[in-house]
Amino acid sequence: MNVIRSTNLSPDIEALTSRDINDLLSSAASLRDQGHGSVVTYSRKVFIPLTQLCRDVCHYCTFAQVPKAGQRAYMTAEEVLEITRQGQAAGCKEALFTLGDKPELRFRVAADELKQMGYGSTLEYVASMAELVFKETGLLPHINPGVMNSEEMKMLKSVSVSMGLMLESASERLCEKGGPHYGSPDKVPSVRLETLRLAGELGVPMTSGILIGIGETREECISSLCSLRDLHERYGHIQEIIVQNFRAKPGTKMSDAQEPGAEYLLWAIAVARHIFGPEMSIQAPPNLSPGQGRAMIDAGINDWGGVSPVTPDFVNPEAPWPQIEALSAETAKAGKTLVERLAIYPKYIFETKEWLEPKLRSVVFENIDADGYARTDSWLTGSQTPLPDFGVSNPMPHVQNELSRLLSKAGEGLDLSHGEVEILFASRGGDFTRVCEAADALRRDINGDTITYAVNRNINYTNVCYFHCGFCAFSKGKKAEELRGKPYDLDMSEILRRVGEARARGATEVCMQGGIHPSYTGETYLNICRSVKQAFPDIHIHAFSPLEIWHGAETLGMSLPDYLGKMREAGLGTLPGTAAEILDDEIRDVICKDKINAAQWGEVVMAAHQVGIKTTSTIMFGHVERPVHWARHLLLLRDIQKTTGGITEFVPLPFVHMEAPFYLKNAVRKGPTFREAVLMHAVARLALHPHITNIQTSWTKMGPEGAKACLNAGCNDLGGTLMNESISRAAGSSHGQEMPPEDMEALIASMGRNAKQRTTLYETPPICAQEASFNAAPLNDIINTPLKKGK
């Protein structure tokens with residue numbers, strides 16, 4: 001065994017035994033805030049005591065039992081599924097498997113029962129049940145399997161997102177006769193440390209920790225924590241440290257032992273925080289110390305562990321779980337926000353190292369938000385699901401001291417730093433409300449109470465594309481035939497028919513974009529502009545993404561400014577700032593590797609501004625990126641705007657996941673949560689002020705009610721009526737193809753705001769166009785020209 005154990009402690013660590021307790025607690029809380037801010041987490045779990053037989057005889061434990069006549073040694077598969085389905089119905093995401101250590105080595109009845117079921121060991125049965133639970137319910141298994149060898153650990157890693165093994169104590173003395181671990185071979189510190197070392201070697205996210213008050217000295221407590229720290233420094237695999245206090249239980253050899261006092265518990269929590277530093281998750285079970293919640297937070301914890309709304313704590317049955325609502329209130333008293341997490345922590349979800357098996361990874365991503373915490377609302381971009389209740393009648397308290405300064409800074413028009421924008425994106429609870437309110441107050445100052453919209457038509461002239469963007473369900477290529485719709489390439493006559501119909505219905509703009517058809521060149525786009533302008537001189541052409549412009553210039557061997565100049569001469573009015581997705585190449589390499597990179601996108605947009613063509617700007621978010629990438633994206637747009645002043649608006653586009661190819665095949669999120677979707681609009685208002693003054697919400701993505709929420713969080717524009725919306729619908733959106741002016745203005749009026757039609761450049765449309773837009777004739781059926789053979 002190559003076990004790491006700390007014996008020689010540094011003077012600063014040794015000094016923790018005598019340091020002033022108030023100073024120790026205060027500095028521990030500061031360390032915790034550096035790593036975790038205002039968030040305290042918990043996991044909503046269901047507790048599965050697969051077997052309570054155990055070969056060990058720990059002197060404080062009532063979980064371990066001996067066989068009883070007429071009772072099974074193991075829960076059946078049916079019993080396991082019954083419990084987990086109860087948990088599933090109660091919103092649990094973690095299935096915690098707890099069991100005694102290798103009971104088959106002590107009890108013949110356990111070995112016989114395993115043999116009858118077709119298993120060679122308890123751990124084989126655990127693996128089978130974990131796989132069953134995951135397959136049948138989607139709950140994510142976390143297994144506390146006891147000590148293991150390498151092969152056993154590999155087997156369990158394939159069916160679980162994390163595992164747990166409490167060190168309890170590194171003191172060999174506690175295993176001697178008269179000690180609490182005497183007669184328990186699996187509690188020998190070197191054995192447990194070796195299992196934890198193997199977990200690091202095999203890349204298993206682990207929970208570990210100490211049990212205090214079982215006879216250890218404070219020096220031994222520190223030594224135990226340092227042994228765990230040394231393993232973690234070597235492998236980086238310990239995701240949380242539990243500081244658990246001993247509870248005396250009737251019927252045990254330690255029933256009369258004195259329980260550790262509150263001062264010792266708080267000291268041990270603070271010491272753990274000092275030893276492991278800001279980033280580690282330090283946990284203390286809330287049910288074992290009722291009334292001490294705020295004190296434990298103030299001592300440095302950032303996590304409550306698993307809390308079950310359906311099953312008791314079988315290890316500590318005398319200590320019921322707190323109600324989650326009560327735990328949230330107690331957390332709020334300490335100035336923190338309670339946030340649900342999964343059984344695997346965010347770091348281990350997002351790191352490139354393979355902490356997760358692929359089959360588990362996809363389900364994990366379905367259940368997380370952009371920070372890697374649990375996705376707790378059912379709202380989905382483009383769906384008809386009701387908006388989540390943020391508890392407006394009983395809002396959570398403000399908890400971030402830094403927030404007021406940042407909101408004031410943004411309101412004054414001072415540029416926020418990257419880190420400051422990330423802080424805004426981290427807002428939850430009362431802070432989320434304050435960010436939205438500040439953004440809306442700024443909107444009121446800049447734009448008043450008028451909500452603008454444009455009467456326009458989307459024309460997607462081809463859905464054939466040789467790029468392979470993972471998020472796109474619209475484009476068709478050789479590998480995309482099974483997705484919605486057939487490949488098409490519109491005849492010019494159909495394009496012109498749609499433009500003429502749009503103009504007759506009061507449109508002042510046609511928005512034209514399409515896939516990158518392999519036979520298209522820069523001349524194709526020039527011909528589209530010339531033809532439309534020749535037939536309809538007064539229509540505004542808002543067309544061609546930066547990717548299409550790049551493609552057009554490249555195919556003609558022209559510079560971007562020269563090609564854009566020719567496009568302007570041909571009638572191009574403005575450029576959509578689409579194809580931006582996430583302007584960070586770390587993410588573009590994942591979602592659209594063959595597309596233009598972030599710098600090239602910026603090059604096109606700035607070249608357009610240089611020749612007098614204004615653009616919009618967008619972000620497509622809620623898939624694999626994180627808030628750090630959102631902040632980079634916004635600041636890049638802000639820098640462009642400060643240089644050129646050519647961006648007319650910013651449009652957040654929440655990812656619609658339903659038919660997206662990489663959602664169907666890979667590990668990506670199901671779009672942003674509703675909090676994130678609204679927050680993107682609010683933070684954009686604050687971070688882009690005063691440079692980009694129009695923030696638009698997409699009704700096709702957010703739905704009418706979601707759009708209203710964004711219009712109350714900093715947005716001043718409702719986008720276009722569209723007439724034909726193809727891209728969101730192809731991805732699975734159910735919010736329709738058109739929102740006519742009557743519906744636009746009814747929505748706006750329901751908010752007590754003033755509606756105003758606008759042009760693409762935020763000017764007032766001609767009266768004749770406005771009048772024509774109301775009570776317009778129904779659209780004729782569109783004709784998507786089938787792809788010609790060989791094209």
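In which strand is the place of Glu240? And once that is settled, please carry on to the parallel sheet and tell me how β15 sits in it.

Modeller: Happy to! Please keep in mind that this is a predicted model. The mean pLDDT of the protein chain is 91, with 92% of its residues at 70 or more.

Now to your residue. Glu240 belongs to strand β6, which covers residues 238–245. Its relative accessibility is 6%, so Glu240 counts as buried, the cut-off being under 20%. The side chain of Glu240 makes a polar contact, at 2.6 Å, with the side chain of Tyr345. Beyond four places in sequence, the residues in contact with Glu240 include Met206, Thr207 and Ser208, then Met280, Ser281 and Gln283, and also Asp303, Arg341 and Tyr345.

Let's move on to the sheet you asked about. This open sheet has 6 strands, in the order β11-β12-β13-β14-β15-β16, and their pairing is parallel. β11 (456–460) and β16 are the edge strands, each pairing on one side only. On average, neighbouring strands here are turned by 30° against each other, direction ignored. Helix α18 (residues 522–535) packs on the sheet, where it touches β12, β13 and β14, and its direction makes about 160° with that of β13.

Within that order, β15 (residues 614–621) has 7 of its 8 residues buried, so the strand is largely enclosed by the rest of the structure. On one side, β15 pairs with β14 (residues 572–575) in the parallel sense over 2 bridges. Here Thr574 stands opposite Lys614, and Leu575 has Thr615 as its bridge partner. β15 also pairs with β16 (residues 647–654), again in the parallel sense, over 6 bridges. Thr615 turns up here too, standing opposite Ile647 of β16. To get from β15 to β16, the chain passes through helix α23 (residues 627–644), and this β-α-β crossover is right-handed.

Helix α22 (residues 598–610) lies across β14, β15 and β16, and runs at about 160° to β15.

Conventions:
Residues are numbered from 1 along each chain as its sequence is written. This is a predicted model: local features need pLDDT of at least 70, side-chain atom pairs count only at pLDDT 80 or more; totals for chains, interfaces and linings use all residues. Side-chain values use heavy atoms; hydrogens and water are left out. Helices (H or I, at least four residues) and strands (E, at least two) are DSSP runs, numbered from the N terminus. Buried means under 20% relative accessible area, exposed over 50%, partly exposed in between (1.4 Å probe, protein chains only). A polar contact is a pair of N or O atoms within 3.5 Å; within protein, one must be able to donate a hydrogen and the other to accept it, and residues adjacent in sequence count only if both atoms are side-chain atoms. Contact means heavy atoms within 4.5 Å. pLDDT is the predictor's confidence in each residue, from 0 to 100. Two strands pair if DSSP finds at least two bridges between them. A crossover is right-handed if, with the strands pointing away from the viewer, the path from the first strand over the helix to the second runs clockwise. Axes are lines fitted to C-alpha atoms, for helices over the stretch in contact, and angles run from 0 to 180 degrees between N-to-C directions.
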